[in-house]
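Okay, hi everyone, I've got one structure to show you today. Let me put it up on the screen, and then we'll walk through it together.

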Amino acid sequence: MIIPKLSGKLIFGGDYNPEQWPEYVWEEDMQLMKQAGVNLVSVAIFAWAKLQPSEDEWNFGWLDRIMDLLAANDIHACLATATASPPAWLVHKHPKMLPVNSEGVTLYPGSRQHYSPSSATYREAAARLVDKLASHYKDHPALAAWHINNEYACHMPECHNEESTISFREWLKRKYESIYQLNEAWGTAFWSQVYSDWDEIFTPRLAPYCSNPTQKLDFKRFTSDAFLELLLMEKAILRKHTPDIPVTTNYVGFFKPLDYHRWSKEIDFTAWDSYPDPLTESIGRQRHAAGNDMMRSLIPGTPFVLMEQTPSAINGRETNLPKRPGLMRLWSLATIARGGDGVMYFQWRASKAGTEKFHGAVVQHVGAERSRVYKEVAALGEDLKKLAPVADSAIKADVGILFDWHSWWSVEMDSKPGKIDYFEACNQFHNWFYRNNIAVDYLSPDSDFGKYKLIVLPSLYMISEATAAALEEFVREGGVLLASYFTGIVNEADHVYLGGYTGPLKETLGLWVEEWRPNADGEGNRMLTADGGVSFACDHWADVVHVDSAEILARFGQEYFAGQAAFTENRFVGGKAFYLATRPDKDGLEWVMHQLCRKAAVDAVLKAPHGVEVVLRQKGEKEFLFVLNHTDETISIDLEDYTGQDLLSGIHVAGILSLDPLDVSVIQL
């Protein structure tokens, strides 16, 4: 179990900010939490100023009383380290700790995250606070987990102040060891950028034109590492005082600034914040599913927690639609279906002042008794108690999508042949698997590829020779690989592989790419099957492909490369490697993906009508089939050979399952 003190239970709760309220409200909060089935709350996330009113003054009395109240009511604390928002007195005394953006503008207090990750002052103050908290609460019965900081880098993704510049130089020294090696890696012979001393190097700031791409890539790597150093600093202090209490931090889904693959090696379980837009439900639910799949994949075999969602609306968009009745329950149970072991909210009680005072909460401004939101949350709490047997079960996926932060950073920099949105390139494939109820893991370049039948590389611009060799071995041993356009172009230093694009994957794919033909908006081409029987529209991009050992399955129908390969298959030892040189329309993607899944022997866990999500979780010999109706109609689903007890209704089900709009069935098989 990810949190031992809650073993055998699904986690349910939210961000609790009692410091915003008088103490007479706290007793009511405890009663409402118990009534709703809450068993875990995140406490003190933004309470640094309350905990430490001045440099040598500490105020833990109020938090002592909260922790005691929680323990007395059998509610546990995911105690935050409170380091996400430094107090005003600290900034006033040490203004150089403030972050500076790439244009040289200082970002001031008045919001949150107003600190440079390289600031020695911030680090010392944060370490002192965490040490005080951990030593004070290490034996408290309410303490169940540690919540380090909050949404690292969410509003302040990089810093260019003096301390960051010095830290960047030190990071580069450790990486390259000599200035000669740095010049080679950065290709500084171009534009007379050669450096003779480390002190000549700056962070990539606003420049007259495009900056050195490898310098920018290394700065992104450095920045992710700089924030990670903060987490590791706090984690070391927490481990010293509480070695058996798990630690986490809340991620922000597909968040570009931080390499979550690397980060997740340093925490005990992943937690994330998901705020899909109810204005576009079909898009929102798929993005929510993709985020859940990523969080599940980051620490293989370990469940995750949805740390933040809103029970109703948020207040950060131009139009903030509340979740209609039933939608919060549906999307919450979708998280449990896709490998989550907990559902939480931001926040418990709606604030009466401050930037997020109109952000939805479990206890709305109207109070609990008159609120449909609180009633829905309490009902979900009852559902999660019934689903306790699901806790600590897992999902076995036969399909992996390789998602690499370093390739993401580099492919979206300027000076490329065309614009590639890396997340969308990956998401089109996830969306297809999601709609077809095929489980997917997101893989890192160093994942164990051998566990999968099918691996997809969407526009994997940057690839190391080691990763290419591992993928070649995957295909050699019988796996099926799909690479899409603009894959295999550069190595880890953003240097082009010469001799034909697709670089170290040329032999595996049985082809090479000569050049590209990116399309402007509104432009397109046709993709014709090799037998001439079917034609599909395609757009965005076309690779000019030369086949060696690959077989052409579809050809381009237009432009100077008409008749050349658009989709290929290469039989490579025991497996098959496919290449998709363009972006086909919906029908074209269906044709491509059905061929891949057939040849990889990958199929849906259960055939279901459009809009019905089906996922299978397993724990030993126990299996749990989740069936979720995302439509506004009552749907009948043929369960085929699946039978068992619906944990939510208590009814034995077999044959045809009928589900009301936005309803869910969880069948223990």
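Before the surface numbers, a quick word on the term: the accessible areas I'll quote come from the Shrake-Rupley method with a 1.4 Å probe. And keep in mind that this is a predicted model.

So, the surface. The protein exposes about 25,900 Å², and carbon and sulfur atoms supply 50% of that. How much of the protein is buried? Buried residues make up 59% of the 669 residues.

Now the overall build. There are 17 helices and 27 strands in here. Along the principal axes, the C-alpha atoms fill a box of roughly 75 × 75 × 45 Å. What about the radius of gyration? A compact globule with 669 residues would have one near 26 Å, and the protein has 26 Å, so the two agree. As for contacts with a separation of 6 or more, 72% of them come from residues 24 or more positions apart.

Next, the empty space inside. Rolling a probe the size of a water molecule over the atoms shows where such space is left. How many cavities of 30 Å³ or more turn up? Searching the whole structure gives three. The largest cavity holds about 60 Å³ of space.

Which residues line that largest cavity? They are Arg285, Tyr434, Arg435, Asn437, His610, Gly611, Val612 and Glu613. Helix 14 (422–435) and strand 21 (612–619) are the elements that each give two or more residues to this lining. Sorted by class, the lining has two nonpolar, three polar and three charged residues.

Methods: Residues numbered from 1 in each chain as written. Predicted model: local features only at pLDDT ≥ 70, side-chain atom pairs only at ≥ 80, totals over all residues. Heavy atoms only, no water. 1 Å grid on protein atoms, 1.4 Å probe; cavity = no way out; pocket = protein on both sides within 12 Å on 5 of 7 lines; lining within 4 Å. Points joined across faces, edges and corners; volume = space filled by probe spheres on them. Helix = DSSP H or I, 4+ residues; strand = E, 2+ residues; numbered from the N terminus. Nonpolar A, V, L, I, M, F, W, Y, C, P; charged D, E, K, R; others polar. Rg over C-alpha atoms; globule rule 2.2 N^0.38 Å. Buried < 20%, exposed > 50% of the residue type's maximum accessible area, 1.4 Å probe, protein only. Contact = heavy atoms within 4.5 Å.
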